[in-house]
Each structure stands twice: as C-alpha cells, then as structure tokens.
Amino acid sequence: MAAQAQRTIRDLERVQEHIADLKGLRTGRVSLQVAEGVVAGLLAPALAKMGQRYSHLSFDIDIASSNQMVEALRRGDADIGLSFFMPRHDDIVPYASAELNHHAVVAPGHPLATASELSLHTLAKHRLILPHESYGVRQALERAAHRANVVLVPTFKTASLETQKALAINGAGVLVLPPMAVARECQLGDLVSVPISSSELEAARVDLCVYRHRQRSFATEACLSLLANALQTI
C-alpha cells in the first residue's frame, strides 16, 4: 500500500508539472538513478549548468545498479537512468549512449603504476577491488575474463565508489574504472590509471535511459537533452 501510495503521489506531481509546462512556468522535479562512476565527471557538471539555466527545477539523485534502475523506471520512482551497460528491454529506451574505455587504477607506489598497458592475466595476479555482480561493469569484466580464460577473484567487493577509491589510494588493490570516474584523484596524484588491453576488455557503454510508456515533462526533457549533449563530449 505504501508503494502504491508513493506512485500515486508521484503521478499527481507529474500532472502538476504538465500543467505548469502548459502555463510556461518551467518548474518541476526530475528523479534520476545513476551509477556512482558518472557523477563527478558527467552528471554534476551537467546539472550545475542546468541549474543556472532553469533555476526553478529540482532534482532527486539516487545511486543504483543498472538492474535497480530498470525497476525504478518501470515503477515511476525514476524519470531517468544513467549507467554503464543498462540491460536491454523493450520498455526501457536508450535516449543516448557513449563508450568509455576502462583502465586499471592504482596508487602511485603500486607495482602496476608504471605499466603502459595491462592484460587481464596480469590483473588476476593482484588484489582486486570490484563492485558487486549486479553492476554492469562487473558483468562486462567477468565476460572478458571468461573469454581470456582468467579468473578474477576480488579481495574487496563493494558497491561504494568512494570506498573503492579510498582502498586504492591506500594501496589496498587495483580498481577497474573509466578514467572519468577518478579524474580528480589522478590530477591530484593520489591515483594512476593504466589502460587495459582493448582486445581483451570491451569499451564500457554508458546509457541514458527512460521508460517508454511514460509521458515526459519539460523538466525531464530538458535534463535528457543536456545529459545527452554531455555524453557526446566525454
């Protein structure tokens, strides 16, 4: 009953947003579920720019796995999903996509920090810090390891990107992330990113998705447009 009541309230809010759109008030709220790895390099700059352009819009932002996003989009708990390797479904529409290469990310003093390129066989010999199996990035990594006949056993498994980065900065192990997710730490010299052989690990697909059967408000459309443009520049 609580879940149904929450959906009903959200539907009423959407009706109010559409009425405001017709009046040209340009107000509203956008609910986003995103992968933590896209926040610093993509989401935050885009929403900051949007806030300057549309000061009356507000945003709810939750961190979730790609599978959780699919269910949230269907329930109406999220207007937009932004994640790596969003699962393909008939009712989940990719509004825009881009590709990013993943790197091995380590502390400057780590034995792999000076390498020019790394293989999955080399990564398997070191302590790994990886997200849970429900995350698209982890699933892509496991597929690549299977093709290369490599077994990747994480020493640390956590969904928190901040925890992953803190462990790596302290020399606890190796992350596998797009450079965008650790750009600030690499600029500060806290971490180093090393390319992984492109012949072994496919590029990470970043998907901006919506639910096919829901009418989108002005706020959602404006947010989608800005994020799609940002995807083209990463």
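**Salt bridges and a helix pair**

Me: What does Lys157 count as, with its 42% relative accessibility?
Reply: Lys157 counts as partly exposed at 42% relative accessibility. The cut-offs are under 20% relative accessible area for buried and over 50% for exposed, with partly exposed in between (1.4 Å probe, protein chains only).

Me: Before we go on, what sort of model is this?
Reply: It's a predicted model, so local features need pLDDT of at least 70 and side-chain atom pairs count only at pLDDT 80 or more, while totals for chains, interfaces and linings use all residues. Residues are numbered from 1 along each chain as its sequence is written, and side-chain values use heavy atoms, with hydrogens and water left out.

Me: Thanks! Which residue does Lys157 form a salt bridge with?
Reply: Glu133, with the closest N and O atoms 3.2 Å apart. The pair links distant parts of the chain, 24 residues apart: Glu133 is in the loop between strand E6 (128–130) and helix H5 (136–147), and Lys157 is in strand E7 (residues 154–157). Helices (H or I, at least four residues) and strands (E, at least two) are DSSP runs, numbered from the N terminus. A salt bridge here is a side-chain nitrogen of Lys or Arg within 4 Å of a carboxyl oxygen of Asp or Glu.

Me: And what about Arg138, buried or exposed?
Reply: Arg138 counts as buried, at 5% relative accessibility. Its side chain meets that of Glu142 in a salt bridge (2.8 Å, N to O), and Glu142 is partly exposed at 28%. Both residues lie in helix H5, 4 residues apart, about one turn of the helix. Salt bridges that share partners join Glu133, Arg138, Glu142 and Lys157 into one network.

Me: Nice. How many salt bridges does the structure hold?
Reply: There are 14. One of them pairs Arg75 with Asp77, with the closest N and O atoms 2.6 Å apart.

Me: Switching topic: at what angle do helices H2 and H8 cross?
Reply: Roughly 130 degrees, with the axes of H2 (residues 39–53) and H8 (residues 218–231) coming within 10 Å. Axes are lines fitted to C-alpha atoms, for helices over the stretch in contact, and angles run from 0 to 180 degrees between N-to-C directions. That makes H2 oblique to H8; under 35 degrees is roughly parallel, over 145 roughly antiparallel, 65 to 115 roughly perpendicular and the rest oblique.

Me: Which residues in H2 and H8 meet?
Reply: Among them are Leu42, Leu43, Lys49 and Arg53 in H2, and Ala219, Cys223 and Leu231 in H8. Contact means heavy atoms within 4.5 Å.
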